[in-house]
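Colleague: I have not looked at this one before. Can you walk me through it?
Modeller: Here it is.

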Amino acid sequence: MGRVVIRGGLVVTAADEIEADVLVEDEKIVALAAGGSTPAETWTAGQVIDATGKYVIPGGVDVHTHMEMPFGGTFASDTFETGTRAAAWGGTTTVVDFAVQTRGRSLREGLDAWHAKAAGRCAIDYGFHMILSDVDDGSLKEMDLLVDEGITSFKLFMAYPGVFYSDDGQILRAMQRAAGNGGTVMMHAENGIAIDVLVEQAVAAGRTDPRYHGEVRKVLLEAEATHRAIQLARVAGDAPLYVVHVSAQEAVAELAAARDAGLPVFGETCPQYLFLSTDNLAEPDFEGAKYVCSTPLRPAAHQAALWRGLRTDDLQVVSTDHCPFCFSGQKELGRGDFSRIPNGLPGVENRMDLLHQAVVDGHLTRRRWIDIACAAPARMFGLYGRKGTIAPGADADIVVYDPAAEQTLSARTHHMNVDYSAYEGKRVTGRVVTVLSRGRTVIEERRYTGHAGHGVFLPRDTCQYVG
Ligand code: URP
Ligand code: ZN
Ligand code: ZN
Ligand code: ZN
């Protein structure tokens, strides 16, 4: 490989903003030199990237994706190949996806299956969390082995009875195990038992449109589950608890109270909760199905609490929960019964841009943008140092970002393998120009130059997040 110099840009990390040249050697960043009085003039390189007028930022770290995820009788429409390529287009250079334990089968079988789907196909680096669908003596023992292999986080579901659901006893046992082996428990916090009663009642009463998905999955049932998860984690011995896809103001309040009490409790939200609302779910002609995900979109009034939580560090991470299903043939499975609409939204390509728009809109500072999208997710899931920052010794995962470019998000121009955009027609300021993954150009001046199989599996450390 060789040397690459990125000259003249504003290097933005979670901690700093400095005008500096960045020197890359093979897969790593080897030096930064502040502009002007620097040895950078003397650096020779095979490739010089001019970043004048641009930001030079760490590649995005999206710790919540579901490529090829089985759900509701179908599969998420992005494969590891198409989904990671789209991620690269959007300035994300690491994804952590969810390997799924099938009920009645071992964690090992699930993990092997996900390794087989991803190996040799990814454009960017990837890791795995493990979804526990069956907490028993066998899977509890296997958790220890997975931590040793760099699968250091485990998702449990308080929702989806009969599918992924774990009861409180199973959750407690998994949390106890994580407290012992250093793992992090990720929680889908919605009271699925109560929700299923409301679903049945709604469908029986003929309330079958997509908007009822939002009505039955009540804010109170997200807040209640969040509270319960926090208490169970305390009883289990304070293993880190990371609540995924937080959407309700009342759930943010539960996290804030726990954090004020000094507990190792963390929260993630997603762009869809920051930029979309129940108004989208109510779109006519079944168009609302495009916005069916769980936790559901909320009334727009919840957004202020999410933005505030991101500023006050009551929420630490924004990931996408990228789980795309085509409108045609997949979302349509739920015509006449919203409970049959596969849950999930596309977005892996849009996250860095939407969060930059939040900088433009005044919700976040530039450094906080990089923190919630790169540094904090890397720390939370044991990748920091290697991923999430621009510093000597880190992987050369670097994005040259044009903060002044204007673009319109659309399914016509995106690279995700899905037939609609959740943000169709939205104007955003800022755009990815060039992307390096471990020193290799994967996007160069808005042309794809990467290849399937460049991305490698990332064994992860345990949680490095302090505070
Ligand atoms: O609707 C969603 N979020 N689908 C993906 C699965 C999950 O619960 O994260
Ligand atoms: Zn979930
Ligand atoms: Zn998810
Ligand atoms: Zn390669």
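Predicted model: local features only at pLDDT ≥ 70, side-chain atom pairs only at ≥ 80, totals over all residues.

**Helix α3 and the rest**

Modeller: On α3, the face turned away from the buried side carries the exposed residues Asp137, Gly138, Lys141 and Asp148. Residues are numbered from 1 along each chain as its sequence is written, and chains are lettered from A and ligands numbered from 1 in the order in which they are written.

Colleague: Which residues of α3 are buried?
Modeller: In α3, residues 137-148, they are Ser139, Glu142, Met143, Leu146 and Val147. They sit on the same side of α3, because their arc around the axis is only 145 degrees, taken from the directions from the helix axis to the C-beta atoms.

Colleague: What covers the buried residues of α3?
Modeller: The cover includes the helices α2 (107-118) and α4 (168-181), and the strands β10 (125-131) and β11 (153-157). Helices (H or I, at least four residues) and strands (E, at least two) are DSSP runs, numbered from the N terminus.

Colleague: And what follows α3?
Modeller: Gly150, with a positive phi near 90 degrees.

Colleague: Switching to α12. Why is α12 described as largely enclosed?
Modeller: Eight of its ten residues (351-360) are buried, so the rest of the structure largely encloses α12. Among the buried ones are Arg351, Asp353 and His356. Gly362 follows α12, and its phi is also positive, near 90 degrees.

Colleague: Which residues are around ligand 1?
Modeller: His66, His188, His245, Cys293, Ser294, Asp321, Cys323, Asn343 and Gly344, each with its C-beta atom, placed from the backbone, within 6 Å of the ligand. That shell divides into two nonpolar, six polar and one charged. Ala, Val, Leu, Ile, Met, Phe, Trp, Tyr, Cys and Pro count as nonpolar, Asp, Glu, Lys and Arg as charged, and the others, Gly among them, as polar.

Colleague: Now the whole protein. How many helices and strands?
Modeller: The protein has 13 helices and 19 strands. Of its 467 residues, 56% count as buried. The C-alpha trace spans about 70 × 50 × 40 Å along its principal axes.

Methods: Buried ≥ 20, exposed ≤ 12 C-beta atoms within 10 Å, placed from the backbone. Contact = placed C-beta atoms within 7 Å.
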